[in-house]
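Please look through the structure below, and then read the report that follows it.

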Amino acid sequence: MGMMTSAEPPLDEKAIIAAAEKALSDIAEVRQEVSKVIFGQERVVENTLLAILSGGHALLVGVPGLAKTKLVSTLGSVLGLEANRIQFTPDLMPSDILGTEVMDQDETGRRSFRFIKGPVFAQLLMADEINRASPRTQSALLQSMQEYHVTIAGQHYDLPSPFHVLATQNPLEQEGTYPLPEAQLDRFLLQVDVGYPELSAERQILLETTGVTEAKPSSVIDAARLVDIQKLIRQMPVSETVVDAILALVRSARPGHGNAGTDKNVAWGPGPRAGQALMLCARARALYEGRLAPSLDDVMALAEPVLEHRMALTFAARAEGMTVRDVILDLVKQARG
């Protein structure tokens with residue numbers, strides 16, 4: 001992932017400001033359109049959109065019925081992306097995701113293999129209840145998420161651009177689920193915790209979704225425009241103060257790096273991908289909130305969604321009823337001084 005440097009020559013400052021202002025208004029329109037269909041849940045919508053604007057994948061964690069699937073299909077419509085959905089089940093095979101080779105026979109009787117693309121060939125892939133599929137199937141998705149291509153019978157097939165996976169996971173411990181391996185969790189830019197709606201939002205849900213007609217979202221931007229905004233986000237300048245805060249926060253979450261609370265409670269901490277995620281998402285959050293440069297507040301607000309799935313507590317800490325979230329809140333408090 002590029003940090004301050006970019007493969008493309010940096011635009012001059014005026015051009016960057018003009019491009020950022022255009023992006024601000026596009027993102028504001030996207031927010032407006034999503035809010036017609038998804039009521040309340042502002043933080044969930046924000047974090048999911050930040051993952052996409054930053055060019056990454058997001059893991060939505062929440063009990064069933066909280067509009068996670070609806071949010072993903074709404075984002076597909078509003079961002080003008082081709083979307084596919086896969087319902088993960090224990091008997092799902094890698095070929096059900098990636099696609100299969102079939103044998104064709106032409107008029108002369110000559111036989112050849114032809115590849116039929118699976119649902120992973122989409123710009124926005126909804127992976128529903130991802131922890132229900134077997135590790136073998138999860139690893140097939142992992143290559144797609146990391147390398148943006150799939151390999152079938154030795155042949156490489158590139159995935160569409162942009163390519164985003166929004167996966168959902170039910171946090172209730174249930175039979176027949178396979179916890180996601182740490183390496184796969186790390187591939188998700190953000191973990192978005194989806195809670196129950198506020199009272200006013202739930203009232204609106206009752207009134208708006210049980211009538212004859214329901215609001216339908218319309219497209220605000222298209223895939224090409226989304227890619228432009230993603231490139232712009234990578235070109236936004238980040239101050240030395242913000243970079244230092246990102247490094248300090250990520251390193252304080254690792255045992256053996258001088259933080260007493262972390263040493264006592266954390267079994268393993270976040271790797272460098274956490275810093276990359278904070279760097280990208282802080283820029284995206286600034287634009288999302290209508291600003292042209294990321295601040296320390298952006299870093300602190302993103303600490304939880306970036307770090308939560310990238311660290312684990314010791315057995316003793318879990319036995320005391322601590323959660324990873326408690327540890328992160330503590331680190332943020334210390335960082336704010």
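How many residues of the lining of the largest cavity are nonpolar, how many polar and how many charged? The model is predicted, so local features need pLDDT of at least 70 and side-chain atom pairs pLDDT 80 or more, while totals for chains, interfaces and linings use all residues. Residues are numbered from 1 along each chain, and side-chain values use heavy atoms, without hydrogens and water.

The lining divides into 7 nonpolar, 1 polar and 1 charged, where Ala, Val, Leu, Ile, Met, Phe, Trp, Tyr, Cys and Pro count as nonpolar, Asp, Glu, Lys and Arg as charged, and the others, Gly among them, as polar. A cavity is a set of points on a 1 Å grid over the protein atoms alone where a 1.4 Å probe fits but cannot get out, and lining residues have an atom within 4 Å of a point. The whole structure holds 1 cavity of 30 Å³ or more, and the largest has about 40 Å³ of space, a volume being the space filled by probe spheres set on the points. Among its lining residues are Ile-38, Gln-41, Lys-68 and Val-194.

Two helices, which are DSSP runs (H or I) of at least four residues, also pack against each other, and their contact (heavy atoms within 4.5 Å) joins the residues in this table.

| Helix | Contact residues |
|---|---|
| α9 | Val-243, Ile-246, Leu-249, Val-250 |
| α11 | Ala-274, Gly-275, Leu-278, Met-279 |

The residues of this contact of α9 with α11 divide into 7 nonpolar, 1 polar and no charged.

How values were computed. 1 Å grid on protein atoms, 1.4 Å probe; cavity = no way out; pocket = protein on both sides within 12 Å on 5 of 7 lines; lining within 4 Å.
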